[in-house]
Amino acid sequence: MVAIAKHEQDLRKGVLVLAVLSQLRDEQYGYSLRQALAKRGMPIEEGTLYPLLRRLEAQGLLASQWKAENGPPRRYYALSATGAELYRELSESWASLATVMSELLEGEKR
Amino acid sequence: MNPDALIESYVAEVVRHLPRKQRTDVGYELRSLLTEELRGRVGDSAPDTAATLDLLASFGRPAEVADRYRPAGFTIIRPADAPRFAWISLVGVAVQWVITLIATYTAPATGAGDDWLSRLGTWWLSAGLGAFWWPGLLVSLSIVAAVITARRDGDAPDWTPRAASMLDRDHISRPLYVLAIAGALVGIAALVAAINLAEWWPGLPQPLLDAFVIDADFLATRAPWALVLWAATFASMIAVLVAGRWTRTTRLLAIVGNALWVVLLVWWVAAGPIFVQPYADSVTKGCLLLVAAICVLDLVLTARHLRHGIPEPAV
């Protein structure tokens with residue numbers, strides 16, 4: 001039996017970073033980011049997303065700070081200058097890739 | 001166990017695997033996020049143990065979660081090298097065990113209580129366990145190599161056509177090959193000089209001259225065959241040097257040459273004394289058997305090389 005879920009997961013993995021960067025143009029904390037992504041049809045497992053935020057921050061793509069707004073202190077993340085630059089470049093690559101993939105898949109249908 | 005305590009324990013287990021300086025920060029954030037996740041999952045009802053355990057199960061094993069927090073590390077043994085590494089490690093240990101067990105059980109008895117079980121116990125606590133130095137050394141060397149590779153990653157040489165040409169296993173380096181031929185000639189000259197020591201350097205100490213006295217029968221019957229094989233070996237080496245690479249023919253010749261050398265060396269050792277002095281004779285025969293073993297190894301490797309073409313698939 002073909003492990004569809006595994007292949008789908010691999011497919012999503014490829015766009016994970018871009019999806020996260022796209023939602024961090026405005027400051028978000030982990031849980032709110034996950035909710036935002038899920039609401040837009042990109043659910044990401046919590047065990048994947050929260051460590052990813054830390055790794056992206058360690059790479060200098062995100063900046064974060066603790067804030068206490070209407071509740072306990074939360075760590076808020078947003079794109080750094082490097083992250084914003086990467087986001088622009090990845091967005092362009094994605095647009096090109098999506099076009100190519102659409103053409104490939106359309107060709108398959110025809 | 002209440003949900004908060006469960007989350008607290010889980011987070012403690014995750015951060016235990018993280019660098020000390022990250023633990024408090026990541027721990028606080030993770031606990032707060034998990035608590036919020038749990039509230040989000042149960043909605044208006046109070047979170048219970050089952051829901052908490054479900055959440056923690058979906059989050060992942062603590063050690064794996066901690067791995068995700070860490071940047072990618074370096075590989076000590078690459079997957080492609082793992083089977084060979086395991087094989088070299090295990091064979092190294094097995095060879096040591098066989099040699100030391102033989103030595104243990106062939107040693108003369110030392111008196112009462114020296115039975116096979118006590119020898120086994122003594123062997124296990126000394127050479128048996130001691131043999132594991134070999135895999136330990138291999139792992140340590142792999143770690144050093146991996147650290148150096150990880151540090152030099154940016155300076156790694158490019159994979160260029162010139163680098164790819166090094167994969168040509170039939171190609172020989174002519175200067176190195178000339179050196180090998182010269183080395184072999186020097187070795188033969190030294191051997192001939194040793195045989196004629198008494199004639200060429202009669203002033204040397206007598207015990208030394210006595211040690212190199214060759215058995216007359218060996219010199220008359222078995223030794224001359226070496227000249228034939230040396231001549232054939234040199235002809236084959238010159239052919240490879242001129243061509244600049246190994247061919248199927250030269251490899252086949254090398255296999256035949258190696259087989260003949262093994263036969264000759266075993267004959268030399270088995271058919272009688274080589275040196276008159278027993279000590280010199282036994283040391284020489286040991287060395288010759290070692291050379292024969294090297295010839296067998298070379299023969300096997302060359303034969304494998306010949307056989308290892310990529311066969312055409314069945315269609």
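Residues are numbered from 1 along each chain as its sequence is written, and chains are lettered from A and ligands numbered from 1 in the order in which they are written. In this predicted model, local features need pLDDT of at least 70 and side-chain atom pairs count only at pLDDT 80 or more, while totals for chains, interfaces and linings use all residues.

**View 1. The two chains and their elements.**
Let's start with the overall make-up. Chain A has 4 helices and 3 strands, and its elements follow the order α-β-α-α-β-β-α from the N terminus on. Chain B has 15 helices and 0 strands. Helices (H or I, at least four residues) and strands (E, at least two) are DSSP runs, numbered from the N terminus. Of the 110 residues in chain A, 24% are buried; for the 315 residues in chain B the share is 11%. Buried here stands for 20 or more other C-beta atoms within 10 Å of a residue's own, exposed for 12 or fewer, and partly exposed for the range in between, with C-beta atoms placed from the backbone. Among contacts in chain A with a separation of 6 or more, 41% join residues 24 or more positions apart, and in chain B the corresponding figure is 67%. Two residues are in contact if their C-beta atoms, placed from the backbone, lie within 7 Å.

**View 2. The open sheet of chain A.**
Three strands of chain A form an open sheet in the order S1-S3-S2, with antiparallel pairing. Strands S1 (28-29) and S2 (62-67) are at the edges with a single partner strand each, so one side of each has no neighbour in the sheet. Strands count as paired if DSSP finds at least two bridges between them. S1(A) pairs with S3(A) (residues 74-79) over 2 bridges, and here Tyr29(A) faces Tyr76(A) in S3(A).

**View 3. The hairpin of S2 and S3 in chain A.**
The pairing of S2(A) with S3(A) is antiparallel and runs over 6 bridges. Trp66(A) can be found opposite Arg75(A) in S3(A). The two strands make a hairpin with 6 residues between them, and Asn70(A) in the turn has a positive phi of about 55°.

**View 4. Helices H2 and H3 of chain B.**
Two packed helices are described by the angle between their axes and the distance between the axes. For H2(B) (residues 20-42) and H3(B) (residues 49-59), the axes come within 10 Å and cross at roughly 120°. H2(B) is therefore oblique to H3(B). Axes are lines fitted to C-alpha atoms, for helices over the stretch in contact, with angles from 0 to 180 degrees between N-to-C directions. Under 35 degrees is roughly parallel, over 145 roughly antiparallel, 65 to 115 roughly perpendicular, and the rest oblique. From H2(B), Leu34(B), Glu37(B), Leu38(B), Arg41(B) and Val42(B) meet Ala51(B), Thr52(B) and Leu55(B) of H3(B). This contact holds 5 nonpolar, 1 polar and 2 charged residues. Ala, Val, Leu, Ile, Met, Phe, Trp, Tyr, Cys and Pro count as nonpolar, Asp, Glu, Lys and Arg as charged, and the others, Gly among them, as polar.

**View 5. Where chain B touches chain A.**
Here 14 residues of chain B are in contact with 14 residues of chain A. On the chain B side, the elements giving two or more residues are H2, H3 and H4 (62-69). H2(B) gives the most, with 7 residues. By class, this side of chain B has 7 nonpolar, 3 polar and 4 charged residues.

**View 6. Trp123 in helix H6 of chain B.**
Trp123(B) sits in H6(B), which covers residues 116-130. Because Trp123(B) has 18 C-beta neighbours inside 10 Å, it counts as partly exposed. Leu101(B) is 22 residues away from Trp123(B) in sequence, with 7.2 Å between their C-alpha atoms. Leaving aside neighbours within four places in sequence, Trp123(B) is in contact with Thr100(B), Leu101(B), Thr104(B) and Gly128(B).

**View 7. Helices H13 and H14 of chain B.**
The axes of H13(B) (residues 224-243) and H14(B) (residues 248-270) come within 10 Å and cross at roughly 160°. That angle makes H13(B) roughly antiparallel to H14(B). The residues of their contact divide into 11 nonpolar, 4 polar and no charged.
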